[in-house]
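Good morning, and thank you for coming. I shall present one structure today, and I ask that you keep it in view while I speak.

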Amino acid sequence: MFKSLALIRESIVGMVGLALILFWVFVAVFADVIAPFPPNATIMPMALPGMEGPDGAVFWLGTDHIGRDILSRIIHGSRRVLIFAPLATFCAYAVGIPMGLAAGYRRGMTDDVLSFIGNIILSFPVLVLYVIIIATLGASAINILVAVTFASAPGIFRIVRGLALDLRNREYVFAAETRGESPWRIMMIEILPNARGPLIVDACLRLGYVIITIGVLGFLGLGLPPPDPDWGGMINETRSMATSFPHMTIFPVIAISSLILGFNLLADGLREVSLRD
Amino acid sequence: MTGNGSSRHDKYDGPILECKNLSISYFTRAGEIPAVVDFNLTLNQGDSVGLVGESGCGKSTVAMAIMQYLGNNGGIVGGQVIYKGRDLATLSEEELRQLRGNEIAMVYQEPMASLNPSMTLGRQLMEVPLYHEHVSEAEAAKRARKILADVNLPDPDRVMSSYPHQISGGQQQRVVIAMALLSNPSLLLLDEPTTALDVTVEAGIVELIAEIAKKFNTSMIYISHNLGLILATCGRVNVMYSGVVVEEGAVDVVFDHMRHPYTKGLFNAIPLPSADKTARPLVAIRGQLPLPHERPAGCYFGPRCDFFQAGRCDVPAHGSTLAMSSVDGRPGHEVRCARWSEIDWDAHKPEGVSGEETPMGDEVLSITNMRKYYELHDNSIAAMIKGKRVRYVKANESISFVAHESETVAIVGESGCGKSTFAKVLMGLETATDGEVLFNGDDVSSQSVQKRSPKQVGSMQMVFQNPFDTLNPSHSVGSQLARVIKKFGVETDKDRIENRVMELLDLVKLPRDFARRRPRQLSGGQKQRVGIARAFAGNPAMVVADEPVSALDVSVQAAVTGLLMDIQREFRTTLLFISHDLSLVRYLADRVVVMYLGSIMEQGTTDEVFAPPYHPYTEALLSAVPIADTSIVKKRIILEGNLPSVMNPPKGCPFHTRCPRKIGHICETKTPPFAEDGEGHIISCHIPMDELRKVDPVIVQADSKSDQPAAE
Amino acid sequence: MLVFIVRRLGTMVLTMVVVSILLFLLLEINSAGVAIKVLGPYTSEEQRNLWLEANGYFRPIYIRYFSWLGNFIVGDFGDSIRFKVPVGEILWPRLASTGILGLAAMAVVIPLSLILGVLAGMREGSTLDRVISVGSIVTTSIPEFASAVFLSTIFVFYLDILPGTSSMSDGFSVVQLILPAMVLILYDFGYVTRMTRASMAEVMTTHYIRTAVLKGLPYKTVIMKHALRNALIAPFTVIMLQINWLLSGVIVVEFAFAYKGFGALLLEASLNQDLFMIEACAMVAVFVAVITQMIADIGYTYLNPRIRFA
Amino acid sequence: MKKVLKDANGKRIHPYVPELCEQLREGKVDRREFLRTATLLGVSAGAAYGMAGKIMGTEMVSRPAEAAETPKMGGSLKVSMQVQEMTDPATYDWTQKSNVARHMTEYLTFTGPDNITRPYLAEGWEASDDLKTWTLNLRKGVKWSNGDDFGADDVVHNFTRWLDPKVGSSNVGLFASMVDEVDTGKKDDKGNAVMGKRMTEGAVEKIDEHTVRLNLNSALLAIPENLYNYPTAIVHRRFDEEGGDISKNPVGTGPYMLSEFQVGEKATLKRRPEKYWGDAPYLDEIRYIDHGEDRSAWLAALASKQVDALFEVDVTQIDVVERLPHAVLHQAVTAQTGVARMQRTQAPFDNINLRRAMMACMDHQKLLDLAHRGKGAPGENHHVAQIHPEYAKLPALKQDYDLAKKLLNDAGYSNGVTLSVNVGNATGAWETDTMQALKQQLAPSGINLELNKMPSAQYWEVWDKAPFSFTGWTHRPLGVMVLNLAYRSGVPWNESAYANPEFDKALDVASALLDVEERRKAMAKVEKILQDDAIIAQPLWRAIFTATNKRVKGFTKHPTNYDQFNKVWLA
């Protein structure tokens, strides 16, 4: 993992992606310091970019329809997306990896049953699944987490299963078997670490999708509960005004697209360097 | 095959191909990497030249340079490739296209990968005349069919309409050869054409190539790492090392009177029939092949050479390396060595890895009538209707043999012979369907590894085939060894485990700081050593070595083999050596078990098995093994047909479908009996033992030759 | 081959049955909730009980499931709560509309991305490759909802050259199809392009391509006859599975452009708890997905002789 | 013995009317209140305008605006609105459904954008002094589209089916005073008798072919207003026999008839060729086009001239409308509002100090400015709007954080408290915006408001159960109507589970008072009790908006979003 991260220096595309991600990570970590206003403070509705607020502070990107500073909301919104997307992705991996390992390593009935379950979930169009889950359970943070996990885990399951099917035939796995290691140890210690390369690439791509998904849910009004800023939600709240006040919509769009782009580019760069060596 | 093709050959009577001072480099992020330096070659009409060398010596690069196909990052940086007087570098893409596949054709290492999986073979063959000679479809099909018959493929029509995966590996390679011959090329490049094939199949291909050379008078460049194959196919040979040719000349001259220390080293490292593990052990070449950008100045072989002299060998005389010089009195025999004339080969007795013969001890392993069947569930509708949903695959059938303490028993066979299943049953990863497997007195046939005690598990361990696969790339060498020590309960205390890891590294002659290294920092041979250390961590009574050196280069093979035998001798371990390499088996085994399609064909002491009476399969196998010794005369036995599928084995004697000595109906219906010729030498054949005894030996030393291949 | 198809059909049916059980349990296990949803929150307990009794909700759950499933199989999905007409009356035309939108998008995505992907993958590392690769990454990084907002702002409000909604209330209109299809194309083509590129690049490094080149075939023939066929196997599967993704994108696009399609129907059914509509939509969505997967599998098998003749 | 007053046509006038005239003369009620109350009591709108004119000395025109232009006949008006199922007018639960039907099936009364209820299919009505007996005089000469004459049988049939529980009409609640609670004879799971509602025997009486009398169990002032509530459209007497589906078998008295209906997509109404009983409308055709639930899409449809009018425009969109050169924005002052109501029965809202602390944090004007762009009126936490005739002005509420902190301290939350409010956005995104603004105002006192946003359908599942929710309430012409619906002990829509006998009594008094001034005094008490009990935080009264193409003439936005296109024409 560290090797491929170090190698990312070899890929321009990957470096650009990493830079975009690190930029947003920096923004998220220091949000309290760099945001000029509290993200939910309703100060001055409909201010245009560059306008001065009541106490002389400047709304660099303007304010939204109920007077909140767009820049501060984008800055604080990065926190939400960078906590939520990785957390959701992590949960999906936490479910998908053991299932995939078990199916790929043990094969037989375990594989048949798990694959069947996975295929059923996969046969739902993703957003259909989200919409039904969220509309049935309600749009809380935990439900979005559940929905993302539920919808992403089968995809991860498939990848891990494929990798495990391949890696289980390696002689070091055979060696571990011949010394009577437990299946659990073989899966976690012998197989999993060697699957990390493709999984890291997949995780980057998946993070991009999860960010899009959280954005789409926000856009459909099924997203994270307000008022804390959520990029997709910001776009949804303001897009009816986009023609008169494009600043309300365009900046969150740039923010979300740049972060997704960052993950996609990083994934591409990682794949490039991993293929090279 | 005649027509405009051969008229083309008549126009030109200079050399077909000349490589002049050819230097080829790859350009990577790390900079320019010279792959081949100062390569010279002249090939006349009808000549066949072998390029031989270990992996990474640049032999395939030469072939690709001749084809002018070096990819995006490779290029010729010096010298010329001249084909029939034309410098290929000056040709346009279109002119090159007209040469490729038409005048210069190539046969590749992996036939399966070289054929388009989604196109019928007929179409792939027909493309050659269609695009080069613009003949009609019908004519192209006719020619394709004819050439398929020429390469001895039965039923060319079926092959024409097949896809690559539908025919066997040997047949695929025949198709690739047919494709190369379709336009009756002037020059044929063969890049390790048999490496991926089983040994009996290889023999057929080699014979075909020799036939072609004779029949079409085609000039050939034959690339191989196998000296025996070169001997069987070529007139001249170029021995390459690290991007340069170190010695060249006529094959028998070079093989009998080699002058370069590297060539000499190679021959000392391969298990020729003359080698013997106690009397004339194999000698490994010390050190490792230098990476292309770490080559020493002067002689590239210098650091590994026993005759290295500072100030002479490390002075570049020709570019960065040395120049070739002609060996006196032998025109065409050249060598790239500064001291070739000074070395007294008779006085040089290299230290081989040898030891005394150790007496055999008690029986450690005793297998009686072991059988392993797999259930195969047939989910097809037809099977459901018939109610025959379960079929049995007989992976192992009636296996019986014994192994003693400190004995080396070799199990020999080609792919699908059931060696791997057998190993799995022994190790407890599978349980036997039937029969008895007594290990140290305990029946372990139905004891899975989880049910065995750590001591039991530790006392039977395995060394694996693939060095790139044998160690887990994610964990350090030390931690992997430590885990085994802990698992087998050899040591429990942390410090003592570490001590034991160091001891193990010492045992396999690796530096102690390798404990902290990751497997990818190790060479193939080093990884195999770690693999051996791992197998011996639990002080095993028996080690199963599954082709432990087959993926290694010749020079490394000898070292690893020697090490394995050394340790075995030291611990009086029983070694079960699984291999397809009969030369190696002959060299190190005490007893040999020959398997075919899950059954034992023949077993006995090494001498018994390698001498008549033979089982017909053993006989064919022995005949098929290429031997790099000009003094050896072999009987030629080429097996017909394909290896049958394990899923659907022949009834009666499993070998009857390919047996050249099949006696009749009985072979097809009755399982042959185990006939005994002397104590322990058992042959499973319907042919009476007396008949079998009358067979001549397959391998004989020709009287005219000296019995020491390397001496002069 | 026949065996393969029959077996795939079996799996498909099994999948549908399991999905139907899950849906039924998720949405109908609480019959009191069903009554509230059907009759609205303002109704009295008495009214709800009358309805539940009339519609057989007091029967045991498994009988309810089987009668529900039976009705489903014969195409009786029940009445939409929101529309008060049989679900099928709404669902089928909507599905057809989405089919048209999807076809329109795919009609551009498939040729465009295949051509670009092949061009890029043909010469890996070339400038053209880099431009196409980065370009396709950028377009896939802009979520559909974002491009929908911007394309509509530009083309509807500023330029005023395209209609802002695509309800097709006066009959089918190609002009109204442009914006929604454009959004789908913009997002989807990048993904297929990248897949095609990767597949093509991989094929170009294979030994059989080397064989074809060294056989002296013209470059065009190498690409057209040897590389394409093998390089398109993977994108074919991706494209078929993309239909699943398309269905997701369609929700956003139909919502944003008021396109009367399946995606908007499903979203609104979910938001309005139109129970029987959700059930039918989900079943249809899964059915479409399973069918396309089956076609993908069969097509993959057909394209790949290695599996076809195994 | 009271004198029976009659108007110029010999029609009986409610005894309260002269007093009302007196109050108008003395300036105790304004013109609007006079008109509204007079018409409510059965004075025809024309007569009421006439009376007011005489009293105030000015001639009043009941139809202002755009009189200068000559209306043009013909044309098709396209309106963007959700086209929902519209089977049975009695069961309509969305205004949109009634809008499609409104020009086809008509109501007994008609409440204009000016909040004044006029006679319609009922030519006039009389209420008894105790407001328990109402006599409806039906218009003569009205023909159904199938050729039948409209008459008392139709009206009786409608009342009967509204109050039949099997029909499932929400009118049961509206006309609760015509319904008895009876034992249905069934038992529930616990063995208790299941109670059901049945129309009181004799509640509707046919007097003659064109007269119907309603006999109520209790006084009800708002009968005429109720008769224009959207589920009370009058269907044909054989409606149920003929299929019971207005969209499949459209029969009505209105000037237009449904010619095309595709649920979820579009509905087309074509003008009937026969003579209409009222003034002939101008439009040939009204087309409703469904653009889904996304308001941005509606506006996009208007922007690209795909439609001429919209159902509604969000307050955030008014700038966009103003930028469209061909569009005009319409605004209506309404009593539409939203209340963050707390259930006194559930902790922590059983603590009055906590509730009051919340109220003390509110700056209603600022909430209005932030969340609704200042469009509307500040709320006063008692759910009676300034535009209601009985509105009594109470002392202004002030933001007072010191008080809030003190109250919070008394409530035992000296370290602050986190409260979670459900928001369903059932009436638009302004609900979330308002709660976000409220959150900001509560924060300094130590109250942390969390927003639990949910889809509206889900919101309606819990709207009357959740401890703390923000519910949108629609416009009703009288303040007492909504108070009776929502805050009287035990009524079905009492979402705050409010039960205060003192309030009920005060509301009873106010509801039965005809004297506007008296009623206003009584209302002051009602409002005060509600405000002091602090069960609702009511940030604002909304103005509502829509937009039309400039070529749409004669259009006025109705405060309840009712479409009234009889006088609309296209330039």
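Let me begin with a term. A residue is called buried if 20 or more other C-beta atoms lie within 10 Å of its own, with the C-beta atoms placed from the backbone. Please keep in mind also that this is a predicted model.

With that definition, consider helix α3 of chain C, residues 45-54. Which of its residues are buried? Among them are Gln47(C), Arg48(C) and Leu50(C). These residues lie on the same side of α3(C), because they cover an arc of only 160° around the axis. As for what lies over them, the cover of the buried residues of α3(C) includes α2 (31-39) of chain C. Just after α3(C) comes Gly56(C), with a positive phi of about 70°.

How confident is the predictor in chain C? The average pLDDT of chain C is 84, and 97% of the residues score at least 70. Among the elements of this chain, helix α9 (residues 207-214) of chain C has the highest mean pLDDT, 91. The lowest, 69, belongs to helix α14 (residues 305-308) of chain C. For the model, the scores are ipTM 0.81 and pTM 0.83.

I turn now to chain B. Here four strands form an open sheet, in the order β2-β1-β4-β5, and the pairing is antiparallel. At the edges stand β2 (31-43) and β5 (86-87) of chain B; each has a single partner strand, so one side of each is left without a neighbour in the sheet. Strand β1 (residues 17-28) of chain B pairs with strand β4 (residues 74-83) of chain B over eight bridges. To give one example, Cys19(B) has Val81(B) in β4(B) as its bridge partner.

Finally, the contacts between chains. Between chains A and C, the contact takes 33 residues from chain A and 33 residues from chain C. On the side of chain A, α5 (108-122), α6 (126-137), α10 (196-219) and α12 (246-276) each supply at least two residues. Of the elements there, α12(A) gives the most, with ten residues. By type, this side of chain A divides into 22 nonpolar, nine polar and two charged residues.

The contact between chains B and A takes 22 residues from chain B and 13 residues from chain A. On the side of chain B, two or more residues come from each of β18 (460-463), α16 (467-470) and α17 (477-487). The residues of that side comprise ten nonpolar, seven polar and five charged.

Notes: Residues numbered from 1 in each chain as written. Chains lettered and ligands numbered in written order. Predicted model: local features only at pLDDT ≥ 70, side-chain atom pairs only at ≥ 80, totals over all residues. Contact = placed C-beta atoms within 7 Å. Nonpolar A, V, L, I, M, F, W, Y, C, P; charged D, E, K, R; others polar. pLDDT = per-residue confidence, 0-100. Pairing = 2+ DSSP bridges. Buried ≥ 20, exposed ≤ 12 C-beta atoms within 10 Å, placed from the backbone. Arc of directions from axis to C-beta.
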